[in-house]
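Trainee: Could we go through this model together, beginning with the backbone and ending with the ligand?

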Amino acid sequence: MGITPEKLLRAELANMQAYHVADSTGLIKLDAMENPYPFPAALKDQWLAELKQVELNRYPNPQASELKKTFQKAFSLSPKLELIFGNGSDELIQLLIMAVAKPNATILTVTPSFSMYKLIAEYVGVNVVEVPLQQDSFKLQMDLLVEQIAKYQPAVIFLACPNNPTGTLWPQDQVEEIIKQTTGLVVIDEAYAPFAVYSMMHLVERYPQAIMMRTVSKMGLAGLRLGWILGDVQWMAELDKMRLPYNINALTQASANFALQNISVFDEQAKLICQQREVLSNALQAMQNINVFPSQANFILFKVLKATANSIYESLLNNKIIIKNVSNDGLLENCLRVTVGTEEENQAFIRALDSSLS
Ligand SMILES: *Cc1c(COP(=O)(O)O)cnc(C)c1O
């Protein structure tokens, strides 16, 4: 017998699955929190002119230094804080977990939340503690959290603010309390910042153990794969040592640099999405037999009461609409998550949902 994967590879791999993305060819795509509006046609020629100047035979700028300046300006970042870019925020989650991966290290997250925290911890071989949210309200269970933080002393706590897939935005005093309670880092993941009423950036400015995480994915540039973390200069200098060289490719650097110099375009799109979120939420609330959860993000979670989430999901697929079936994730029994699309897409979804419910 020759070498087999089972013999050679880490035993954990036998029980893992590759990250599955449903095929959405030809469907109305309301499953992945993408911004439905394309890059404005009026800007495309200028963007392509920037790309023309990229020297693909050369390695990209190793620190993405021009991009950094553009970000500092576009988001009015404090000059006292340092920025690290990642190939999507997923890469930065990996960087953070690798950096704390001492034997028996633990990270903590709430559940349900963004699945990559747990998955990446498993890839890296770090323990995960998941603290359930309150049933049905999806609020933080503060007493339990404080207890588990004391018990497990997590090296990193990941808090998605607003939370995916519930849409909940935690009260700022609760996040601050968590920062005060822990002896580790707290990552405030604001992937949905463009759609939320407040940001917790001020906590990052006040507490060196708090790290801001953002991405350009949900604001309209998911194809670029660009995320960033922001935090205390000393912490960032240490973390940067484990970043792979040239991790942000030249095309992404040039494209993001151009896009962020025109950030008002994306701010306008985010406003439209927030308006559509209210329209969609009102339409869902008007329907019988579903529960709609309030959302501070560009998606809405709802619970099917008289049918099964699986049957509704399939029926929407038959109508060429794909949303996300999250109904097998613990507290999310019979829940579905729909991304806010364009007005036309949302109306098509509402019509199809209405008919599948009746
Ligand atoms: C979508 C999402 C991200 C993903 O970010 P990428 O930059 O696309 O890797 C990170 N955090 C949360 C909470 C998300 O929902």
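Trainee: In which loop does Phe 138 lie?

Mentor: This is a predicted model, in which local features need pLDDT of at least 70, side-chain atom pairs count only at pLDDT 80 or more, and totals for chains, interfaces and linings use all residues. Residues are numbered from 1 along each chain as its sequence is written, and side-chain values use heavy atoms, with hydrogens and water left out. Phi of Phe 138 is near 55°, a positive value in a residue other than glycine. Helices (DSSP runs of H or I, at least four residues) and strands (runs of E, at least two) are numbered from the N terminus, and Phe 138 is in the loop between β4 (127–132) and α6 (142–152).

Trainee: What is omega for the cis peptide bond that joins Thr 111 and Pro 112?

Mentor: Pro 112 is placed in the loop between β3 (106–111) and α5 (115–124). For the cis bond joining Thr 111 to this proline, omega is about 0°.

Trainee: Where does Pro 162 lie?

Mentor: The peptide bond from Cys 161 to Pro 162 is cis, with omega near -5°. Pro 162 itself is found in the loop between β5 (156–160) and α7 (172–181).

Trainee: What is the radius of gyration of the chain?

Mentor: The chain has 14 helices and 13 strands. The globule rule (2.2 Å times the number of residues to the power 0.38, with the radius taken over C-alpha atoms) gives 21 Å for 358 residues, and the chain comes close to this, so it is as compact as a globular protein of that length, with a radius of gyration of 21 Å.

Trainee: Which helices each supply at least two residues of the shell around the ligand?

Mentor: By class, that shell has five nonpolar, five polar and four charged residues. The helices that each supply at least two of its residues are α4 (89–100) and α9 (217–221).

Methods: Nonpolar A, V, L, I, M, F, W, Y, C, P; charged D, E, K, R; others polar.
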